[in-house]
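Subject: Structure handover

Hello,

Please find the structure below. My notes on what was found in it follow.

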Amino acid sequence: MLRLTRVGGLLARRATAGLSTGASRMASHGHEITETVDMSKPMYCDRVDTPLPDKPYKDVLTEAEKSLKQKEKGPWGQLSKEEKIALYRLMFCQTYPEMKRRTDEWKTVFGGIFFFIGFVGLVVWWQRIYVYPPRPKTFEDEYMAQQVKRMLDMRVNPIEGLSSKWDYDKGQWK
């Protein structure tokens, strides 16, 4: 009976370890755990459709930046252009032209598309050579000409069909 309780306890521990959260199991195997982002807290993001983010770009300021923030409270006419730009960069990471600037991602997309089309072309070429049987003789021009001549000799569909367009006296098409 004692042995049965030991086996049951061992199985119970294994079952709880198997049903535990994936993060704790991953941590026990030496993998890094990423923390979830709390979406209820204010976040910073550069978006064209959101001109004022929830919080400034830089939260922790150096002493120089703190003195610049104090200087900001005074008249803006006394600030130099570089100081105004530095104040802007404290609040925002990118300007609107920087956000709207086009990326070179289209080159990667087109490269992937052309690579895929080239690969598919190679597969089709390989199938045409090694998989498909040779073309039947009925597709050859000589055979098709013989077939048309045979149909004309038999006068197939003489009212509206092929034979109606052939002049039998002159031996040519009307």
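**What was found**

K149 is exposed, with a relative accessible area of 52%. Its partner in a salt bridge is D153, and the closest N and O atoms of K149 and D153 are 3.3 Å apart. D153 is exposed too, at 56% relative accessibility. Both residues belong to helix α7 (residues 141-153), where a spacing of four residues puts them about one turn of the helix apart. Please keep in mind throughout that this is a predicted model.

**The chain as a whole**

The protein chain contains seven helices and two strands. Along the sequence, they come in the order α-α-α-α-α-α-α-β-β. Of the 174 residues in the protein chain, 9% are buried.

**Salt bridges**

Another salt bridge joins R47 to D49, with 2.7 Å between the closest N and O atoms. R47 is partly exposed, at 43% relative accessibility, while D49 is exposed, with a relative accessible area of 55%.

K58 and E65 form a further salt bridge, and here the closest N and O atoms are 3.1 Å apart. Is E65 buried or exposed? E65 has 15% relative accessibility and the limit for buried is under 20%, so E65 counts as buried. K58 counts as partly exposed, at 34%.

The number of disulfides is zero.

**Helix α6: aromatic pairs**

Helix α6 covers residues 105-130, and several of the findings fall in it. The model has six aromatic pairs. One of them is W106 with F110: the ring centres are 6.1 Å apart and the planes stand at 80°, so this pair is edge-to-face. W106 and F110 are four residues apart in helix α6, which means that about one helical turn separates them. F110 itself is partly exposed, with a relative accessible area of 42%.

W126 and Y130 make another pair, with ring centres 6.1 Å apart; the angle between their planes is 40°, so the pair is tilted. W126 and Y130 are also four residues apart in helix α6, or about one helical turn. W126 is partly exposed, with a relative accessible area of 45%, whereas Y130 is exposed, at 58%.

Which residues are linked into a cluster by ring pairs? They are W106, F110 and F114.

I117 has 52% relative accessibility and the cut-off for exposed is over 50%, so I117 counts as exposed.

R155 has a phi near 55°, and it is not a glycine. N157, also a residue other than glycine, has a phi near 50°.

R155 sits in the loop between α7 and β1 (166-167), and N157 is placed in the loop between α7 and β1 as well. R155 counts as partly exposed, at 48% relative accessibility. N157 is partly exposed too, with a relative accessible area of 47%.

R155 has one more feature to look for in the viewer. It lies over the face of Y168, at 3.9 Å from the ring centre.

**Where to start**

Begin with K149 and D153 in helix α7, then go on to R155 in the loop between α7 and β1.

Regards

Notes:
Residues are numbered from 1 along each chain as its sequence is written. This is a predicted model: local features need pLDDT of at least 70, side-chain atom pairs count only at pLDDT 80 or more; totals for chains, interfaces and linings use all residues. Side-chain values use heavy atoms; hydrogens and water are left out. A disulfide is a pair of cysteine sulfur atoms within 2.5 Å. Buried means under 20% relative accessible area, exposed over 50%, partly exposed in between (1.4 Å probe, protein chains only). Rings of Phe, Tyr and Trp (its six-membered ring) pair if their centres lie within 6.5 Å; planes under 30 degrees apart count as stacked, over 60 as edge-to-face and the rest as tilted. A charge sits over a ring if NZ of Lys or CZ of Arg is within 6 Å of the ring centre and within 35 degrees of the ring normal. A salt bridge is a side-chain nitrogen of Lys or Arg within 4 Å of a carboxyl oxygen of Asp or Glu.
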